[in-house]
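Trainee: I would like to learn how to read a structure feature by feature. Could we start with charged side chains and then move to helix packing?

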Amino acid sequence: MAALFNRSFVSVIIVQIASLFGDAVLRFALPLYVLNVTGSAALMGAVSAAAWLPYLLLTPIGGVAADRVNKRRIMASLDVLLALTCAAFLALDGTIDLVGMSICALIILYAVQSVYQPTVQAAVPFMVPRESVVRATAIVSQISALSGLVGPVIGGLVFGLFGIEPVVMVAGAAFALSAVLIVAFVRIPFQRVEREQGIVRTVLGDLAESLAFLRHERPVILKTIFLVAGINVTVSAFIIIGTPVTVTQILGLPNQFMGFAEG
């Protein structure tokens, strides 16, 4: 157990908590902000859909990057980008189109997380003994799930009481704190993987190799991926849009209740 909770792994856990908390708060608050201001569920759905597109496209590439690029540098750079995005949102709030600004912020947020989480997961085997990799990976996954539970509750309370600006400020502070902690404390061993071909061919080759592995060696995992994707595209999509409309518009309840419903 002591070997599992070494300094490197604990530092990554703390960093992940800060970054994922900011991510969960913003992913909850920004679409709800659009719904509150415009009153349009269709517009809220369009904003959420636009934000998901880069996540779907970049997640496989993020996994490749996590295997081949300095993981510590990736994490620090992405947290800095998110902190700057929050600062830009606060600076431009009220001066440009609300929907466009929210779409841009969410696109950056989802795009960053498509790379950030695979990077954290790929870093686990380099920080703990081989026999502890499964437990360490489970801890990283549970932190991600916990942030999805606690983040919306806190985001709903802050958003309902004080508005969107304090939510963005809190999230931005969490990203900035995460970046500082990464630079100061996180140490992830890195071995450069030499490329024998261009970046595009390397990415496509890695993806093709991964798909072939899933098809021939782990078909159960591939079927599970398609099953979960189908649920997310259908049932989850209705819940994500239908719940805030039901809570805030049909029932007329404040945003704090939506935070608890999301959690």
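Trainee: How many salt bridges does a search of the whole structure find?

Mentor: Side chains of opposite charge can pair when their charged atoms come close. This is a predicted model, and the search of the whole structure finds one salt bridge. The side chains of aspartate 23 and arginine 27 form it, at 3.1 Å from N to O.

Trainee: Where do aspartate 23 and arginine 27 sit in helix α1?

Mentor: Helix α1 covers residues 7–38, and the two are separated by about one helical turn because they are four residues apart in that helix.

Trainee: What is the angle between helix α5 and helix α9?

Mentor: Helix α5 (residues 133–162) packs with helix α9 (residues 255–262) at about 175°, and their axes are 7 Å apart. An angle over 145 degrees counts as roughly antiparallel, so α5 and α9 are roughly antiparallel to each other.

Trainee: Which residues make that contact?

Mentor: From α5 they include Pro152, Val153 and Leu157, and from α9 they include Asn255, Phe260 and Glu262. The residues of this contact divide into six nonpolar, five polar and one charged.

Trainee: What does the secondary structure of the protein come to?

Mentor: There are nine helices and zero strands. Of the 263 residues, 40% count as buried.

Methods. Residues are numbered from 1 along each chain as its sequence is written. This is a predicted model: local features need pLDDT of at least 70, side-chain atom pairs count only at pLDDT 80 or more; totals for chains, interfaces and linings use all residues. Side-chain values use heavy atoms; hydrogens and water are left out. Axes are lines fitted to C-alpha atoms, for helices over the stretch in contact, and angles run from 0 to 180 degrees between N-to-C directions. Angles under 35 degrees count as roughly parallel, over 145 as roughly antiparallel, 65 to 115 as roughly perpendicular and the rest as oblique. Contact means heavy atoms within 4.5 Å. Ala, Val, Leu, Ile, Met, Phe, Trp, Tyr, Cys and Pro count as nonpolar, Asp, Glu, Lys and Arg as charged, and the others, Gly among them, as polar. A salt bridge is a side-chain nitrogen of Lys or Arg within 4 Å of a carboxyl oxygen of Asp or Glu. Buried means under 20% relative accessible area, exposed over 50%, partly exposed in between (1.4 Å probe, protein chains only).
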